[in-house]
Amino acid sequence: MTHIPGIAFQILQSMFVVLAAPLLVGWVNQCRAWLQNRSAPSILLPYYTLAKLFHKDAVIARNASPLFHLTPYVLFGCMWLAAGIVPVLATDLPFAPAADIIALVGVFALARVFSALAAMDIGTSFGGMGARREMLIGFLAEPAMLMTLFTAAFISGSTQLTTIVETLAHREFAIYPSLAFAAVAFLMVLLAENARIPIDNPTTHLELTMIHEATILEYSARHLALIEWAMAIKLFAYMTIGIALFLPWGIAEAGNWAALPLAFAALAVKLVLAGAGLALIETVLAKLRLFLAPEFLSTAFLLAVLGMLTHFLLLT
Amino acid sequence: MSQSISSQLVNLLAAFLLLLAFAMLSQRRILTLIRLFAWQGAALAVSTAIVAWSTGQTHLYFSVALTLLLKVILIPWVLHRLIDRLFVRWDVETLINIPATMLIGIGLVIFAFALAAPISQMANTLTRSTLGIAMASVLLSFLMMIVRRKAVPQVIGFLAMENGLFFAATSATYGMPLVVELGVALDVLVGTFIFGIFFFHIREQFDSLDIRHMEKLKED
């Protein structure tokens, strides 16, 4: 029975992540518009878009299989689950023992597999091309992501995300070169996995360059809304993983409800800064050619491995 | 307290040095390569200065000054002049598959770390844990000399190797005696000039700095 506040908190946090995710996307879009000297859309625009899409009638190709109908719900479910595992506000998460960081990467991979299958399901050429590219990026980004998380896991001696964050938040101040490497690698993976600019342009519908957009071309109305929402949650989850691993200060501890407002304020400040930083990266960088994406991601992998190796070497 | 902070700073700079070695390995443009080499020299000078300050080894300050003067200012400047005169400023070099080179590099780093681990366990200097990184950067510069085809990047690889050796000396024994260091510095400087003259000769002979042409012993 002692778990009841924890479970209440767990539900609260997942709902918070799901509801706040479009706001983060709106903030990033707003920052990007400012940086590009455009007049910015409302920060609430993603909510309006979602509401509009939910009220439309879905148009689905005649030869679509049940998999195609199912995929948006799977995607949304996966991302919601990920949002439940990541310590966003506090480390007291009763669901967290269900999945460690390896399972978390697996959840993201599951979503990717479904999205690629659904893209190929209709049989259009764009869908197939998008699916192939998405899998290419995914299979290169995944090892880099795992290595990044392993570096943090080695420092704290656990693969449990909540334990890692607790250890990292409580250590005395010390410079960890390994964490610096891991942070840079994680940033590169974040850009690649969320279809952001050096790898993919989230706003383009140009046939030759789009990766993620090509996989969801056939979706409309509520399905599209669910996918877009899932992508927003994914971006939010990745950002909060990054914040939890590399800037964990201010997170509320197990059973300490009084620290929640402070944790909330700290998270808001960090997310505002991270969103502005992401918009800045997207403004100053140009999109890489697709064939340079493996090089970008192998650099991320290299950095993550170096981080892990330097952790062992500089331990003494 | 200050001992541990300076040790951490040296570790951080060592990691930065390793990162720069990898950046040089993956760099295609010669101009950026020279800039990276200058950065490597700067990181080396700062880490040596920290070691000198926290251990009170005054002779290390001379090596800091020497490194700054030679490897951050003079040699990059000479190399800039050289590539201007040789018109290879925008030479984009094609390497054998950069990701593969990086993977070989990771293998070398693991080898160097494994090799250095028993040595650093016995040592009790401030910088004992950076010996592996120093050895790794020597090996990486070596790898860079092997995989490059043009002459200028090979020379930069050679100079970077000297950086690595210097760092190894600092981390293993708090630096070599001043006379040795002066001699090495002079050698590097003279070597750079001789290489410069060689470049012009190679170019005159083969109309290119691609050293594959030198494998032919006879005129066709």
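**Exercise 1.** At what angle do helix H11 (residues 293-313) of chain A and helix H4 (residues 98-122) of chain B pack, and how far apart are their axes?

*Solution.* Before starting, some ground rules: this is a predicted model, where local features need pLDDT of at least 70, side-chain atom pairs count only at pLDDT 80 or more, and totals for chains, interfaces and linings use all residues. Residues are numbered from 1 along each chain as its sequence is written, chains are lettered from A and ligands numbered from 1 in the order in which they are written, and side-chain values use heavy atoms, leaving out hydrogens and water.

Step 1: helices are DSSP runs (H or I, at least four residues), numbered from the N terminus. Axes are lines fitted to C-alpha atoms over the stretch in contact, with angles from 0 to 180 degrees between N-to-C directions.

Step 2: the angle comes out at about 5 degrees, with the axes 10 Å apart.

Step 3: H11(A) and H4(B) are therefore roughly parallel (under 35 degrees). Contact (heavy atoms within 4.5 Å) involves residues including A:Phe301 and A:Leu302 of H11(A), and B:Met102 and B:Phe113 of H4(B).

**Exercise 2.** Work out how H2 and H9 of chain A are arranged.

*Solution.* Step 1: take helix H2 (residues 45-54) and helix H9 (residues 221-246); their axes come within 7 Å and cross at roughly 150 degrees.

Step 2: so H2(A) and H9(A) are roughly antiparallel (over 145 degrees).

Step 3: on the H2(A) side, A:Leu50, A:Leu53 and A:Phe54 make the contact; partners on H9(A) include A:Trp229.

**Exercise 3.** Find what joins A:Glu142 to A:Arg112.

*Solution.* Step 1: their side chains form a salt bridge at 2.9 Å, N to O (the cut-off: a side-chain nitrogen of Lys or Arg within 4 Å of a carboxyl oxygen of Asp or Glu).

Step 2: A:Glu142 sits in helix H5 (residues 125-156) and A:Arg112 in helix H4 (residues 101-121) of chain A, 30 residues apart.

Step 3: over all chains, the structure has six salt bridges.

**Exercise 4.** Say how confident the predictor is.

*Solution.* Step 1: the complex gets an ipTM of 0.72 and a pTM of 0.82.

Step 2: chain B averages a pLDDT (per-residue confidence, 0 to 100) of 81, and 90% of its residues score at least 70.

Conventions. pLDDT = per-residue confidence, 0-100. Helix = DSSP H or I, 4+ residues; strand = E, 2+ residues; numbered from the N terminus. Parallel < 35°, antiparallel > 145°, perpendicular 65-115°, else oblique.
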